[in-house]
Amino acid sequence: MTTAQLQAANPHTSVWLAASAGTGKTKVLVDRLSRLLLAGVPPHRLLCLTFTNVGAAEMVDRMQQRLTRWYALPPAQLTQELTQLLGHAPTPEQVSTAAQLLDQVIDPQGGGASSQGGQGWMNIRTIHSFCQSLLQQFAFEAGLPPGFALLDEREGDRLRTQALQELLANPPADHQQVIMHAFTMLSRQHHISTLQSILGKLLSAPPIAPRIESFDAHCQAHGIDTPFVEEREQEQHSQRLMAQKAHWQQLASTLLASNKVTDRRKGQSMMQLLDRGIGSHNFRHWQLVFLTQKNTIRTRLATLGWQKANPEWLAHLDEESQRLHHLIQRAQWWKDFCWKWAIGILGHFFSAQYQYLKTAQAKLDYTDLINHSHRLLQQADLQPWILMRLDQQWDHLLVDEAQDTSQQHWDIIRSLLAEISGEQQARNGENPARALAQKASSAQIPPARSLFVVGDVKQSIYGFQGADPTSFKAARQEFQQQWQAANKPWLDVSLDLSYRSTPPILRLVDAVFNQRAELYQQLGEDALLNHQAHPNRQGGGRVVLWPLCPRPPTQNFVPWTLPIKRYQRASSASRLAMFLADQIAGWLAEGRWLPSVQRAVQPRDIMILVQRRIAGGQLTNQNLLHQLRHALQQRGIAVSLPDSLMLASELAVQDLLALMQLLLTPDDDYSLACLLKSPLVGWDEAALFALAYQPPDGTAPMGADRPSLWQKLRQDPAHAALADWLQSLMAQADWLSPYQLLTQLLWQPLPALAIQGDSAVTGWQAMVAALGEAVGDVLTSLLSAALSYEQQHQQRGINLLEFILMIKQQRGTRKRQSSGAERNEVRLLTVHGAKGLQAPIVILPDTTSQPPPRRDQNWLNKLLDAPGLSHGDSGNGDNDDDDDDDTNADAPDRGDIAIQDGADSVDDDPEPISQAEIQRTLYVALTRAQDELYITGLQPKKNSSKPTWYDTIVSAVKDLAESGQASVQDFSYRFSIESPPAVSPASPTASGQSEGQADATDADKAEIWQGSFYEIRDG
């Protein structure tokens, strides 16, 4: 252990530990827990709060492994291990105590902790778990029903849907007109599912208390003359324009007389609009003559030559552009005003209805746990008594991942620390271990109360859950002052020695954030970064910065050409996925050696991180995660499921839903065809074609008389057993619940496969054999959804069709809890999902996309503020004008300017993620790698004013290259236009070409991706 780690683990001092990525902060936390137990602190007197269930489970597992090892070690080896932990030789009493700790922890009668409400056998839990146990203990004081239950994600979605449906079906009689007016106004802008999502976000915001009044009264209260609508102002403006038609035609004539094509196009557009008459149907055309697509005033309304020749007309163009820009602002302001009133009204009643449903079922959601706990601990009349009760339970508070703690979480922690920060007498005689420690040395007895906080402001990336680095820093300063005022020992410790990453990776991290002061300041640091690799990690390591993957060329197919061939270059995402899959296949084939694990690379050693799950596009064929998973599976490489599942998009779920639909509608040819080709039956294309094909001999019935696929299957003697099996399932579909039906399909032998000779194959085994072990998580999630549906709908009846529709229409994703056993598969994760994880090889293929915008608490807090009309800056936006020197008079005429949608609504323009959080997310992504880090991305469609991750990294790597710390090498990779093979390809050659691919000279079969790549390596 280093000196800093020994200081942080010292139980005699309260510590605030700033631990950079990979510096062993979890080990320090476990060491401190161990030393507290060695000093005689009973396990139930320790309270360790963390941010995630995964983090809590990891600490419990590490503590259990350590105490189990101490229990089994011979005294000599145990003494040696305790010497490393304590920094000095242990006393015989301490060695004896260490060997007995496992018994004391497991057996409550021996002084250990019971498992009541905790994470297993110790008080190591998440903040939500602690709040749940707090509210269960003080349910009466919190105004909650005793024995309340916690809503899971699926139940919460169901209740929110029910709340909105009941509110719209039976609104309160005295507010019915107001509610329906608000809903009508919102439904013009949003689909019902989008509206429900917006209302759901309001539930986690501070309570909204709008004035319940009609829209007209609301407008009058803000001094607005109703009706004030966008259409009315546009109509008035159009009338003024047509009244001055001759004036504007004369101006347009001067533009048509210009020798510049841009002026003539503008004049032609104006003349055509004036001739046709300007109205609501083409008002947007007129706006785009003066404004850009983004509704900003054009940089140049006419060329410089025309302006010099016609100075008297220039003012008219400028005035009209200002008027139109003002109309746009007024329209946007009006939409915001209407939207805020409507969402405030509907949100108020929706929240009340949702709360009523939860109360009726004695349920709380995760937001309720925090809100009720915060409110409970802030009640002045109850707080002393509650804290006194809590004071009887624990003495030492440890907070993990403190940078992810929200302001409300900090308020709860502050309340819990009210007793710890004061002077208290040590409690003695509660555990035999304390007496042993007292005999050893009074100096080894820790103080009666202590605080330990560990976090890294550079890794605060959960802003969407309220995490705030400012609160993190403010809490450190506040607690330090409290401890010093109470004359209690306090220590600030920093850890920068990395046990995880090799020098090239750390060199890149420092170079990225040290190149500009604003970058490391956005991380929350006041000085340059200086990561150091542990001596055991010196030597080796590699960072590779590949060039951006180019976009495929536009394919101009001859009309009516049959699509006989399938081409792989459908999207940039598929091309990049193909390249990465080839690289991984090559590493596995060559057996690349990994120093961190001292063996050849395996799929489990590779982690691919993206910024968001829809990286590369929302469509399936453009989604980078989907393409990566598909490309790896085609090459026979095991790959994990995403950390969040969309059940309806999984092949296994689609196959099972097809079977369910067939049971309800046997003549559904498509469902039967899907089932026959699924792993449950195992037919190939030839078998399905043989059953479905109807020869055109003139004797076969056509149209409505044509037999269905199900009828053909029943009539074919060769498939009698399969038809009988399906017939029996159809008979059971009327009384079997979805869960019972799925259980039977997945756990009983499949007669359909038994026909083909696989007599003992269950549905589960067939799915795993066809789709890989990862499909087990998908099937488990589907079974869980079916069981939840059955439990929720038992009273009003279970309907198989309703269950099918529920799964198909499920728009959200379901969090997937990773299994305890690590599978040998490539991991596909978001950066947020990889927080706390590491891998020998990390690939970052999503470095050019901009993070998605999102709302924050500031927007929600300002929801009902009266909007004021701000003219803003009417100035220059993007310059959409053609080059001033363009003199091509023969250029084709573009005619009228295309109509574009107007200003976005409030919901379509949420506040973006802060640049600081973007940089912190990049820091987390770069520091997941142990041995090797590979960086690339998709070529953007157009340049962005905001720098991407790739831009920031390239700038830093170029600086390293100039100083001789990075090298530049030629890069070449050959894209195969044909679909890649379904087997693992040969390892790539030095030029990036896989053996067996088409000759590069054949332009019809291959494309070359060429450029340069940067490499940082040691050894």
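The side chains of Glu-478 and Arg-414 meet in a salt bridge, with 2.6 Å from N to O, where a salt bridge is a side-chain nitrogen of Lys or Arg within 4 Å of a carboxyl oxygen of Asp or Glu. Because Glu-478 lies in helix α22 (residues 469-485) and Arg-414 in helix α20 (residues 407-420), the pair ties together parts that are 64 residues apart in sequence; helices (H or I, at least four residues) and strands (E, at least two) are DSSP runs, numbered from the N terminus. The model is a predicted one, in which local features need pLDDT of at least 70 and side-chain atom pairs count only at pLDDT 80 or more, while totals for chains, interfaces and linings use all residues. Residues are numbered from 1 along each chain as its sequence is written, and side-chain values use heavy atoms, with hydrogens and water left out.

**Salt bridges**

- By this rule the count comes to 31 salt bridges.
- Glu-478 counts as partly exposed because its relative accessibility is 25%, and Arg-414 counts as partly exposed at 22%; buried means under 20% relative accessible area, exposed over 50%, and partly exposed in between (1.4 Å probe, protein chains only).
- Asp-931 forms a salt bridge with Arg-537, the closest N and O atoms being 2.6 Å apart, and this pair links distant parts of the chain, with Asp-931 in strand β19 (residues 929-935) and Arg-537 in the loop between β10 (532-533) and β11 (542-545), 394 residues apart.
- Both Asp-931 and Arg-537 are buried.
- Arg-599 and Asp-605 also meet through their side chains in a salt bridge of 2.6 Å, N to O; Arg-599 is partly exposed, with a relative accessible area of 22%, whereas Asp-605 is buried, with 3%.

**The open sheet**

- An open sheet is formed by 6 strands in the order β3-β2-β6-β7-β1-β8, and the pairing is parallel; two strands pair if DSSP finds at least two bridges between them.
- β3 (124-126) and β8 (490-495) stand at the edges, each with a single partner strand, so one side of each is left without a neighbour in the sheet.
- Strand β6 (residues 396-399) pairs with strand β7 (residues 450-455) in the parallel sense over 4 bridges, and Leu-398 has Phe-452 in β7 as its bridge partner.

**Helix α39**

- The buried residues of α39 include Trp-949, Tyr-950 and Leu-960.
- Just after α39, Gly-964 takes a positive phi of about 85 degrees.
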